[in-house]
Amino acid sequence: MQTFARGTRVYLNHHIIIIIIVFFLFSSIVMAESTGEATVSSEAKVHIIYTEKPTDEEPKTYHLRTLSSALGSEEAAKDALIYSYKEAASGFSAKLTPEQVTEISKQPGVIQVVPSQTYQLHKPGGGGGGFKLT
């Protein structure tokens with residue numbers, strides 16, 4: 001009978017150890033995800049800012065002035081500005097945090113702020129009608 005009792009204790013000890021390990025793994029995952037969300041949400045990402053077409057100044061100057069008003073300085077605006085659109089649409093692309101997106105959206109002349117997206121139309125060398133380079 002003692003062998004059975006010892007075997008039961010060992011069996012229970014393994015279960016307790018497994019439960020503790022699972023608990024710590026789960027806790028680590030939850031903590032990592034919650035920390036990651038805070039980092040991701042404040043990370044600067046590229047946005048397209050559509051503006052009214054400037055009438056009395058060059059588009060890039062107007063875009064920098066608008067961006068400077070939201071970011072607090074001309075230097076910050078120059079660092080964030082990626083491209084100034086002036087032909088088919090009036091606006092610019094800039095790397096902005098969510099807080100900066102909110103601020104730039106309030107600026108006079110800003111029509112819309114949207115996250116930049118990249119689309120891949122064809123995969124060279126791949127199937128589905130893509131092109132193969134030789």
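Which residues does Ile49 touch, not counting residues up to four places away in sequence? Select Ile49 and display its surroundings: the partners are Ser90, Gly91, Phe92, Ala94, Leu96, Ile104, Val110, Gln112 and Val113, where contact means heavy atoms within 4.5 Å.

This is a predicted model, in which local features need pLDDT of at least 70, side-chain atom pairs count only at pLDDT 80 or more, and totals for chains, interfaces and linings use all residues. Residues are numbered from 1 along each chain as its sequence is written, and side-chain values use heavy atoms, with hydrogens and water left out.

Colour the chain next by pLDDT, the predictor's confidence in each residue, from 0 to 100. The chain average is 77, and 60% of the residues score at least 70. Residues 34-39 fall below 50, and this stretch has zero contacts in the model beyond near neighbours in sequence.

Now select Ile49, Leu67, Phe92, Ala94, Leu96, Ile104 and Val113, which touch the most other members of the 15-residue largest nonpolar core. Such a core is a set of buried (under 20% relative accessible area) Ala, Val, Leu, Ile, Met, Phe, Trp, Tyr and Cys residues joined through side-chain atoms within 4.5 Å. At least two core residues come from each of helix H2 (59-71), helix H3 (74-80), strand E3 (91-96), helix H4 (98-105) and strand E4 (110-115). H2 supplies the largest share, four residues. Helices (H or I, at least four residues) and strands (E, at least two) are DSSP runs, numbered from the N terminus.

Finally, select Val46, in strand E1 (residues 45-51). Leaving aside neighbours within four places in sequence, Val46 contacts Ile82, Ser93, Ala94, Lys95, Pro115 and Ser116. Val46 and Ile82 lie 36 residues apart in sequence and 8.3 Å apart in space, C-alpha to C-alpha.

How values were computed:
Buried < 20%, exposed > 50% of the residue type's maximum accessible area, 1.4 Å probe, protein only.
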